[in-house]
Amino acid sequence: MLRLTGVGKRYGGGVPVLAQVDLTVPAGRVIGVLGANGSGKSTLLRIMAGVSRATEGVVAGHPAIGYLPDRFPSGQRLSARSYLRHLARIRGLSDLSVIDPLLARLGLVGDPDAQLRTLSKGNAQKVGLAQAVFAEPELLILDEPWSGLDVGTHAILGELVAETRERRASVVFTDHRPAVVRQYADDVYRLDSGRLVAFEDHPETTRIRLSAASSPGHAWADEPGVRTVADEAGCVVLTVDAARADAVLLRALSGGWSVREVAPCSP
Ligand SMILES: Nc1ncnc2c1ncn2[C@@H]1O[C@H](COP(=O)(O)OP(=O)(O)OP(=O)(O)O)[C@@H](O)[C@H]1O
């Protein structure tokens, strides 16, 4: 659907914000991009949305795109309703009746006929979301879409993302919170020094110290969930995925080992 190959971006003569970014967005997939402030998330999404040019590399594919920018231009005199109708006509949408129910679903507080510039930040964000999704684009690009939204609308946005995936369209979104990105994305990436890398999830681990009067012997490294095995002062020390810790303890006790210590590993 959309493919970035070797994409780089440099503003003026500065250091590259993005370097050698490769990313394929397949149909029906939700991709989440994590990154600290200033790591280049918005720059990457602007390039994908076609509103900014890469200074290196190739962007291939021309899906119909719905785009929520990081700063939605909300300081306008147009009302939310006229703005969305205007955009709908530009995008060739004949059925304008989808707009009002969408604003209601997003929980727009206030008069849809009031000027956009009078809306609160969260309500302006809802109008920004509405313009991104109403035409059912093939690729939905959302820059920090959860920012500024109230809790009720968080769930609605989650539904909109899921519905987009269900109709085999794709979503690319950014956020700086791993838990949010993990919750909604099929594939999670992280921007690190301009490079886009797969986000490695580090599940919580537990440290288990075992001893045995006579060595019963056990291939602990082969036990599911065991990450590391070390000998320390006559004890065996295991690092175990927290979710598997109970099973490993049961195996140890039934195998004649004594449990000396169980503690969460420091992050
Ligand atoms: N138009 C521009 N001209 C010059 N520098 C820019 C421009 N846009 C972004 N930058 C710089 O590029 C870097 C990445 O910015 P970008 O907005 O893409 O990061 P971000 O990850 O989206 O940040 P945040 O989480 O704070 O929104 C920053 O150092 C920023 O100052």
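## Around the ligand

Sorted by class, the shell around the ligand holds 2 nonpolar, 8 polar and 2 charged residues. Keep in mind that you're looking at a predicted model.

Who's in that shell? You'll find Y11, V17, G35, N37, G38, S39, G40, K41, S42, T43, D70 and H176 surrounding the ligand. Helix α1, which covers residues 41-49, supplies the largest share of the shell, with 3 residues.

## The sheet

Now for the strands. Six of them, in the order β5-β6-β7-β3-β8-β9, make up an open sheet with mixed pairing. At the edges stand β5 (65-68) and β9 (195-198); each has a single partner strand, so one side of each is left without a neighbour in the sheet. On average, neighbouring strands here are turned by 20° against each other, ignoring direction.

Let's pick out one pair. Strand β3 (residues 30-34) and strand β7 (residues 170-174) run parallel and are joined by 4 bridges. If you want a spot to look at, I31 stands opposite V172 in β7.

## Helices on the sheet

How values were computed: Residues are numbered from 1 along each chain as its sequence is written. This is a predicted model: local features need pLDDT of at least 70, side-chain atom pairs count only at pLDDT 80 or more; totals for chains, interfaces and linings use all residues. A residue is near a molecule or strand if its C-beta atom, placed from the backbone, lies within 6 Å of it. Helices (H or I, at least four residues) and strands (E, at least two) are DSSP runs, numbered from the N terminus. Ala, Val, Leu, Ile, Met, Phe, Trp, Tyr, Cys and Pro count as nonpolar, Asp, Glu, Lys and Arg as charged, and the others, Gly among them, as polar. Two strands pair if DSSP finds at least two bridges between them. Axes are lines fitted to C-alpha atoms, for helices over the stretch in contact, and angles run from 0 to 180 degrees between N-to-C directions.
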